[in-house]
Amino acid sequence: MTHSVLTTDGLTEALNDLVDRVHGAEFAVVLSPDGLLLGASRGVHDELAAQLSSLVAGLEALGSAATRVCVGGALRQIVVQMARAFLFVATTRNGAILTVRIGADAEVGDMAYEVALFVGQAEKHLPVYLTPASTVTTGEIDAAERSR
């Protein structure tokens with residue numbers, strides 16, 4: 001379960017700023033590790049948010065599988081290149097997932113930099129407590145949780 005202590009306005013503003021900084025950026029969303037929408041830039045409607053949630057879950061699963069098979073270390077970012085767009089997916093240290101779509105005419109390097117910057121400073125935008133996935137998937141709990 002995800003517990004949020006962030007204000008939607010602050011995250012929306014940060015996502016709008018991210019989109020505004022790179023020419024050709026179309027939208028940005030932040031999802032919890034369990035796929036819940038935490039925030040979105042302007043122009044993201046409920047149907048698109050739901051579709052992105054499903055899409056990103058699949059991409060994250062494929063990325064995680066690639067890290068295990070290729071023994072390449074932790075997953076940092078996924079970039080999907082399409083004929084008319086790019087999709088950037090990056091996980092923050094606290095587990096939230098940033099997803100940004102840019103048009104094909106946008107500067108990919110600029111957006112890669114902005115995504116890395118946002119993820120590196122995510123605590124400023126995402127004061128969220130997220131339970132690490134390892135405790136959910138492995139069933140490990142610490143002594144404090146057992147005593148509850």
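Colleague: With which residue does glutamate 114 form a salt bridge?

Modeller: This is a predicted model, in which local features need pLDDT of at least 70 and side-chain atom pairs count only at pLDDT 80 or more, while totals for chains, interfaces and linings use all residues. Residues are numbered from 1 along each chain as its sequence is written, and side-chain values use heavy atoms, with hydrogens and water left out. A salt bridge requires a side-chain nitrogen of Lys or Arg within 4 Å of a carboxyl oxygen of Asp or Glu. The closest N and O atoms here are 2.7 Å apart, and the partner of glutamate 114 is arginine 21.

Colleague: How many residues apart in sequence are the parts that this pair ties together?

Modeller: Helices (H or I, at least four residues) and strands (E, at least two) are DSSP runs, numbered from the N terminus. Glutamate 114 lies in helix α3 (residues 108–120) and arginine 21 in helix α1, so the parts tied together are separated in sequence by 93 residues.

Colleague: Is glutamate 114 buried or exposed?

Modeller: Buried means under 20% relative accessible area, exposed over 50%, and partly exposed in between (1.4 Å probe, protein chains only). The relative accessibility of glutamate 114 is 11%, so this residue counts as buried.

Colleague: Which residue of β5 is the bridge partner of glutamine 81?

Modeller: Two strands pair if DSSP finds at least two bridges between them. Strand β4 (residues 77–81) pairs with β5 in the antiparallel sense over five bridges. Within β5, the partner of glutamine 81 is phenylalanine 86.
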